Amino acid sequence: MDQSEAPILAALEDYKKSDHYGFTPPGHREGRGVDEETLHAIGMDAFRSDVLMTGGLDDRKSSNGILKQAEELMAEAVGADQAFFSTCGSSLSVKAAMLAVAGGKGQLLVARDVHKSVVAGLVFAGLMPRWVSPSWDPQRHIAHPPSPEAVDEGFARYPRAAGCLIVSPTPYGTCADIAGIAEVCHRHGKPLIVDEAWGAHLPFHEDLPTWAMNAGADVCVVSVHKMGAGFEQGSVFHLQGDLVDSYRLSSCADLLGTTSTNVLILSAIDGWRRHMVSEGHRVLGDALDVARNLRREIDALPGFHVLDDELLGAESSHDLDRLQVLMDVSGLDVSGYDAGDWLREHEGLDLSLFDHDHIQAALSLADTPETADRLLSSLKRLAEAAPNLPRPKPVDFPTPEELELEPAMPPREAFFAEAELVDAKDAVGRIAAEQLTPYPPGIPIVVPGENINEAVVDYLRSGVEAGMVVPGAQDPSVQKIRVVAHTRLPWADQRAPRI
């Protein structure tokens with residue numbers, strides 16, 4: 001195929017030059033119906049590009065196959081058998097993959113450090129997660145992807161699991177031994193799904209970690225908006241091999257997805273693929289050079305430490321995306337939460353992640369020595385301001401064993417069960433009816449259906465006191481927690497559910 005083509009972009013350009021007028025959605029009619037204040041804030045060009053895909057760029061039968069051609073170009077560019085575009089983010093794409101692999105089969109091996117969207121997939125699909133423990137760093141309180149051995153033990157314990165789902169890279173940039181895990185899965189005759197939301201750029205430079213398709217994954221989900229150059233919600237899921245039915249996968253995505261596909265998002269994905277094929281190696285190489293220099297300069301600042309070697313090894317991660325600059329700021333005697341807030345308020349800088357001890361800057365192909373210098377200068381001023389910032393409040397961190405809550409019922413059953421909001425101290429020993437997910441990075445600490453223990457309650461409450469955010473909880477302060485009510489459950493008169 002001609003990788004210099006971008007069929008969606010070309011169709012959009014042709015549409016703008018034509019005399020088309022649609023008595024169809026969107027009702028703003030390429031911006032004609034938008035008020036001046038809104039146009040001033042957003043810009044007319046955005047509205048002019050917001051047109052229908054089917055019945056707009058293409059006819060009602062999709063006779064020109066514009067979207068199909070763009071997806072085929074993407075698959076060829078990265079070496080997948082098939083690629084599917086999504087305008088509902090990787091949160092939808094990963095749910096579609098879960099439904100396609102395990103829908104109707106009951107169980108799925110799932111790494112315990114997954115994103116909250118995976119928990120939503122468990123609820124939608126009615127699946128019982130068979131958790132695979134990540135590698136925990138108890139000193140730095142960071143979860144690393146599970147090992148191939150842990151996945152092998154998972155299948156040995158739960159042979160009925162339909163497949164395995166892991167996250168790699170993690171939000172911290174740490175990567176799993178995907179090749180080793182894929183070999184384990186395939187030896188058991190099961191597919192591997194990789195939530196690679198932070199890895200859309202990986203296929204385009206050899207100094208980046210090996211991307212999931214090259215390492216043998218069956219389905220791989222990437223967020224073009226995270227480490228690529230797409231709009232928010234731009235996602236692609238890739239497929240290879242014959243362990244996952246392609247029609248079922250696309251049908252599951254269709255079940256969950258919108259019928260109002262956003263051309264702005266699709267065209268940005270299309271253009272980004274073309275740019276990566278033609279210039280990706282160069283621009284990513286430049287970004288990696290910027291990252292190397294920046295990591296060295298930050299690490300030399302008093303009070304800062306850039307994590308690198310300690311994130312790699314047999315007890316941690318297989319590889320590391322060094323565009324993710326993870327900094328330990330405990331040497332400043334400030335929390336990562338307060339450091340991130342100070343940088344936003346005083347320097348106009350937003351960071352990708354912060355926790356009790358760390359802040360993280362996610363570099364991308366767009367970053368240059370100038371943007372790196374801005375971050376470095378701001379960090380120097382943060383160090384100067386640190387003595388005047390609040391001292392970190394203590395967080396009661398659980399042990400890795402205490403973080404592994406006991407499953408009591410399937411997440412779907414717990415989510416839809418009669419529930420009540422109780423004081424956090426009274427939630428100990430009860431079954432969670434909600435997920436509790438500190439954000440970022442969005443890894444659930446409590447999943448619906450799990451028995452809540454005292455250590456996790458203490459962690460969440462002390463974490464919120466220290467600056468942690470738990471969005472989506474019924475009570476974000478975690479003074480109260482939503483639990484399954486002491487009422488007759490849907491399966492009470494049946495044989496106890498298999499968990």
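With a relative accessible area of 55%, F416 is exposed.

The pLDDT of the protein chain averages 93, and 97% of the residues score at least 70. Residues 488-499 form a stretch where the pLDDT is below 50, although this stretch has 16 contacts in the model beyond near neighbours in sequence. Where pLDDT is low, the predicted coordinates should not be read in detail.

Helix α1, which spans residues 7-17, shows how burial can follow one face of a helix. Its buried residues include P7, I8, A11, L12 and Y15. These residues lie on the same side of α1 because they cover an arc of only 135 degrees around the axis. An α-helix has 3.6 residues a turn, so residues three or four places apart point the same way. D14 and K17, on the other side of α1, are exposed. Among the elements that cover the buried residues of α1 are helix α4 (66-78), strand β1 (82-86) and helix α11 (263-299).

Strand β1 also takes part in strand pairing. Strands of a sheet pair through backbone hydrogen bonds, either parallel or antiparallel. Between β1 and β10 the sense is antiparallel, with five bridges; here F85 has V236 of β10 as its bridge partner. Strand β9 (residues 219-223) likewise pairs with β10 in the antiparallel sense, over five bridges, and S223 finds its bridge partner in S235 of β10. Strand β10 is itself mostly covered, as five of its five residues are buried. From β10, S235, F237 and L239 point one way, whereas V236 and H238 point the other way, and all are buried.

A pair of aromatic rings is described by the distance of the centres and the angle of the planes. The model holds five aromatic pairs. One of them is stacked: the ring centres of F84 and F237 are 5.1 Å apart and their planes lie at 20 degrees, where stacked pairs are those with planes under 30 degrees apart. This pair links distant parts of the chain, with F84 in strand β1 and F237 in strand β10 (residues 235-239), 153 residues apart. Both F84 and F237 are buried.

Over the ring of W131 sits the charged end of R112, at 4.7 Å from the ring centre. In another case, the charged end of K226 sits over the ring of W198, 5.5 Å from its centre.

An open sheet is built from four strands in the order β11-β13-β15-β14, with antiparallel pairing. Strands β11 (305-306) and β14 (353-354) stand at the edges and have a single partner strand each, so one side of each is left without a neighbour in the sheet.

Two loop residues complete the tour. G331 belongs to the loop between β13 (324-328) and helix α12 (336-347) and is exposed, with a relative accessible area of 59%. Its C-alpha atom is separated by 9.0 Å from that of D357, 26 residues apart along the chain. P398, in contrast, is buried at a relative accessible area of 11%; this proline is found in the loop between α13 (369-385) and α14 (400-403). Apart from neighbours within four places in sequence, P398 is in contact with L403, A455 and Y459. The C-alpha atoms of P398 and G56 are separated by 54 Å, and these two residues are 342 residues apart along the chain.

Conventions:
Residues numbered from 1 in each chain as written. Predicted model: local features only at pLDDT ≥ 70, side-chain atom pairs only at ≥ 80, totals over all residues. Heavy atoms only, no water. Buried < 20%, exposed > 50% of the residue type's maximum accessible area, 1.4 Å probe, protein only. Arc of directions from axis to C-beta. Contact = heavy atoms within 4.5 Å. Phe/Tyr/Trp six-rings, centres within 6.5 Å; stacked < 30°, edge-to-face > 60°. Lys NZ or Arg CZ within 6 Å of the ring centre and 35° of its normal. Pairing = 2+ DSSP bridges. pLDDT = per-residue confidence, 0-100.
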